[in-house]
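This report describes the fold of one chain.

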Amino acid sequence: MLKIQFLPSAQKELEKIDKIWQKKIKKNLQMLSENPALIKNKIKKLKDKYKDYFRLRVGNYRIIFRVEKKKLIILVLRITHRKEIYKIK
């Protein structure tokens, strides 16, 4: 089992989302940390300069994360609506 860590900016993005979706996002992140095979159809590896990152789809929201195997953590970088996720901050 991997531990989930959020960047402070990702935590703030999560807090801005409706409570119902927050609950669904947290549930999917927990499943990702415990048994990613259960949600493998929702996970996609990103390309090009983001090749070490993954995307998790939860409804209209996208979660960008990176797995750090040496530290045994999943680092959540961004959580936002699909329209906004790939725009550079």
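Across which strands does helix α1 lie? Helix α1 (residues 8-16) lies across β1 and β5 and runs at about 45° to β5. Helix α2 (residues 19-34) packs on the sheet, where it touches β1, β2, β3, β4 and β5, and its direction makes about 135° with that of β3. Contact means heavy atoms within 4.5 Å. Axes are lines fitted to C-alpha atoms, for helices over the stretch in contact, with angles from 0 to 180 degrees between N-to-C directions. Helices (H or I, at least four residues) and strands (E, at least two) are DSSP runs, numbered from the N terminus.

This is a predicted model: local features need pLDDT of at least 70, side-chain atom pairs count only at pLDDT 80 or more, and totals for chains, interfaces and linings use all residues. Residues are numbered from 1 along each chain as its sequence is written, and side-chain values use heavy atoms, without hydrogens and water.

The open sheet has 5 strands in the order β1-β5-β4-β3-β2, with mixed pairing. β1 (3-6) and β2 are the edge strands, each with a single partner, so one side of each has no neighbour in the sheet. On average, neighbouring strands are turned by 30° against each other, direction ignored. Two strands pair if DSSP finds at least two bridges between them; β1 and β5 run parallel and are joined by 4 bridges. Phe-6 stands opposite Val-76 in β5.

| Residue | Phi | Loop |
|---|---|---|
| Asp-48 | about 55° | between β2 (43-45) and β3 (54-58) |
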